[in-house]
Amino acid sequence: MKCKFCDRPAFIKLHYPRMYLCPEHFTEYFERKVKRTIERYRMIGPDERILVVVSGGKDSAVTAHVLKKLGYNVECLHINLGIGEYSAKSEEYAKRQCETLGVPLHIVRVRELLGKGIGEVRTRRPTCSYCGLTKRYIFNKFAHDNGFDAVATGHNLDDEASFILANLMNWNTQYLAKQGPVTPSQFNGKLVKKVKPLYELTEREVVAYALANGIEYEMEECPHAAGATTLEYKAILNGMEEKRPGTKINFVKGYLRKKALFETELEETELRECRTCGMPSNGEVCSFCRFWGLEEPIDFRIRG
Ligand SMILES: [Zn+2]
Ligand SMILES: [Zn+2]
C-alpha cells in the first residue's frame with residue numbers, strides 16, 4: 001500500500017481515521033495531533049517552562065521529543081527508582097534520549113535521596129502504591145522548587161481509557177471525579193499544573209512514532225508491575241477497538257463530557273500544609289513525609 005499523501009510505501013495503517021501513511025507523513029500527522037490536543041485542552045502556553053518526567057520508556061520519550069519539536073521550553077526529570085538492573089537501564093535510556101534531543105536532564109535517585117529503593121521498604125502498602133506516591137511527590141516538588149509552570153507526563157489514550165474502565169469497574173467515583181488531560185495548578189502553585197500531551201494518541205501510534213523517529217527506549221515493564229490488571233483492561237479495550245475503530249477515543253471523550261456527574265462524589269477534604277515539608281497535605285504530615293519518615297523537607301533546587 002502507498003501513503004495517502006505521497007508515493008512512498010506506507011509504514012502504518014491507521015484505523016481511526018482510516019488511512020495508510022509513510023513515516024514522514026505519519027510523523028506530521030502525530031505532531032499535528034499533539035499540537036491540537038495541547039490547544040484543545042489549553043494545556044500550556046508558548047512561554048511556559050515545562051518539566052517532562054522521562055522514565056526511559058516510550059511514552060515520556062515521545063512526549064519530550066514532540067514538545068521540543070513544537071518549540072516548547074522543555075527540561076526533563078528522570079526519577080531513578082532504585083529497582084536493580086531495571087532502574088539502571090531506564091536511567092541510561094533517559095540519558096541517551098535527552099542527549100539526542102539536546103534537552104537538559106535532571107536526575108533524582110530514590111535510594112540516594114531516601115536510603116532505600118522502591119521495593120526495599122518493609123511495609124504493608126503495595127509497592128506500586130508507594131512508588132506512585134513517591135514519584136508524584138518528587139516530580140511535583142522538583143517542579144515547584146525550580147519554578148516550572150507545568151509537569152508533562154507521557155500518559156496516552158490507552159492509559160486513560162484503561163484507567164477510566166478500571167475505576168468504573170470498581171466504582172472508584174472519587175478517582176473518576178479527578179482524572180483528565182489537565183490538572184490545574186492549586187494551593188498557591190504548590191501543586192504544579194499537570195498535563196498529558198499524548199492524551200488522544202493511542203499506544204500503537206506512540207510506538208510507531210518512536211520507530212519512525214529512531215527513538216530508543218526501555219521496553220521492559222517494571223518487575224513490580226507484573227500481572228497488573230491495567231494490562232487486562234488494555235487488552236479488552238484493544239479487542240473492542242479492533243471491531244469498532246474509535247471505541248477508545250469515544251469512551252474517553254464521553255467520560256470527559258460526563259465527568260461532572262462524579263464530582264458530587266468528591267469528599268470535601270481541606271488541604272493544609274504538611275508540618276514537615278509545607279506541601280499540601282490531607283493530614284498534619286503529608287503521606288510522602290509520613291511514609292519515608294522524614295523530619296526535614298527535601299530541597300530540590302538545582303544548584304549552580
Ligand atoms: Zn507520505
Ligand atoms: Zn510533607
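Donors are the N, O and S atoms that lie within 2.8 Å of the metal. The model considered here is predicted.

**Exercise 1.** Determine which protein atoms are the donors of the zinc ion (ligand 2), and work out which arrangement they make around it.

*Solution.* Begin with the distances: the SG atoms of Cys274, Cys277, Cys286 and Cys289 lie 2.2 to 2.4 Å from the zinc ion (ligand 2) and are its protein donors.

**Exercise 2.** Decide whether Cys277 and Cys286 are buried or exposed.

*Solution.* The cut-off for a buried residue is under 20% relative accessible area. Cys277 has a relative accessible area of 12% and is therefore buried; Cys286, with a value of 4%, is buried as well.

**Exercise 3.** Describe helix H6 (residues 157-169), taking in its span, its surroundings and its two ends.

*Solution.* For the span, H6 has 13 residues and reaches 18 Å from its first C-alpha to its last, close to the 18 Å expected at 1.5 Å a residue. As to burial, 10 of the 13 residues of H6 are buried, among them Leu157, Ile164 and Leu165, but also Asp158, Asp159 and Glu160. The cover over these buried residues includes helices H7 (173-178), H8 (203-212), H9 (229-243) and H10 (247-258). At the start of H6, a side-chain oxygen of Asn156 comes to within 2.9 Å of the backbone nitrogen of Asp158, whereas H6 is followed by Trp171, whose phi is positive, near 50°.

Technical notes:
Residues numbered from 1 in each chain as written. Chains lettered and ligands numbered in written order. Predicted model: local features only at pLDDT ≥ 70, side-chain atom pairs only at ≥ 80, totals over all residues. Heavy atoms only, no water. Helix = DSSP H or I, 4+ residues; strand = E, 2+ residues; numbered from the N terminus. Expected span 1.5 Å × (residues − 1). Buried < 20%, exposed > 50% of the residue type's maximum accessible area, 1.4 Å probe, protein only. Contact = heavy atoms within 4.5 Å. Polar contact = N/O pair within 3.5 Å; in protein donor to acceptor, adjacent residues only side chain to side chain. Donors = N, O, S within 2.8 Å, 3.2 Å for Na, K, Ca; no water. Tetrahedral: all angles 85-135°; square planar, octahedral: opposite > 155°, others 65-115°.
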